[in-house]
Amino acid sequence: MQCNALTWVDPHLHIFALNEGQYHWLKSYNPPFWEDKPKIAKRFYERDILSSAGAQLEGFVHIEAGFDNHRPWREIQFLARHCTRPFSAIACIDLLSIDASAHIDKLAQMSPVVGLRHILDDDAVSILRNPKAVWCFSRMASLGLSFEVQADMTDPHTVKALLNILQRYPTLKFTINHCAIVPTSAASFALQLWRNHLRLLAATGQVAFKFSGFEMQNRQWSWQHAKARFETLVDTVGVDRVMFASNYPLCTWRMPLKQLWQGYEMLCAEFTREAQQKLCALNARTWYGL
């Protein structure tokens, strides 16, 4: 079945307003020191997204991009002024900051904000076990805010810490970014760990997964590689827990935004029409309240 008439809701993209925000990570003299960073260290507004994606893009979720990490509401205010399409926003939060409580409360009052992100990466375990961070998760749960997880899902200590928080706060939702940093080798023990951990997370009913971000591991990733990982992910957690996403503009290291989404359509071409719609739009719309 062809899915060329499908609409898209992109649950993971970034708008860069370099003339108004700080974006320290995009400066050439700051890490990460990617050779190809200049390609994305530019202004990317909603009009650029719409021009790149075309009419099939109905809405999106903006993921915080370092506009102002000390005053994260400034990024939300910018988005509210400039965005015309339906969108939700994931705001920045420093889970260990002395201002975390006040920031969570302030951001929760801003209508586009549906969740928060603190990039965990290699510090995931220490952050997730920190009493201040645990209290922040309690506050998010009480306010109906979700949390974006960017960390290695092959690490059992990280997954155990996530599961402990989810068990403690059964209304809290976690969204696992970038295909849960899927291992690159199909025959590796790490891939089996990845699958086992994803099953545990999905079984909570509180977790969804975004299929995106392959360029973060390999700038020249192939669709053959992506297809194998997509099928493994869906087989592991089910169609209802998976969302296609772009990671725009970082995805342009590999290909244009529209080409990426057309490739996603091909990945799900043999699925039922209902499943195609869930993967391309409905799951994201439901999960993020669009």
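Predicted model: local features only at pLDDT ≥ 70, side-chain atom pairs only at ≥ 80, totals over all residues.
Visitor: Helices (H or I, at least four residues) and strands (E, at least two) are DSSP runs here, numbered from the N terminus, so where does Pro-249 lie?

Guide: Pro-249 is in the loop between β8 and α9. Residues are numbered from 1 along each chain as its sequence is written, and side-chain values use heavy atoms, leaving out hydrogens and water.

Visitor: Thanks! Which residue does a cis peptide bond join to Pro-249?

Guide: Tyr-248, with omega at about 5°. In that loop between β8 and α9 you'll also find Asn-247, which has a positive phi of about 65° although it is not a glycine.

Visitor: Is Asn-247 buried or exposed?

Guide: Asn-247 counts as buried, at 2% relative accessibility. Buried means under 20% relative accessible area, exposed over 50%, and partly exposed in between, using a 1.4 Å probe and protein chains only.

Visitor: Switching to helices: how do α6 and α7 cross?

Guide: The axes of α6 (residues 156–168) and α7 come within 10 Å and cross at roughly 5°. Axes are lines fitted to C-alpha atoms, for helices over the stretch in contact, with angles from 0 to 180 degrees between N-to-C directions. That makes α6 roughly parallel to α7, a label for angles under 35 degrees.

Visitor: And which residues make the contact?

Guide: Pro-156, Val-159, Leu-162, Leu-163 and Leu-166 of α6 meet His-197, Leu-200 and Leu-201 of α7. Contact means heavy atoms within 4.5 Å.

Visitor: Last one: what does α8 pack against?

Guide: Its buried residues pack against α7 (189–203), β7 (207–211), β8 (242–244), α9 (257–267) and α10 (273–287). Among those buried residues are Phe-230, Leu-233 and Val-237. Just after α8, Gly-238 takes a positive phi of about 95°.

Definitions and conventions
Parallel < 35°, antiparallel > 145°, perpendicular 65-115°, else oblique.
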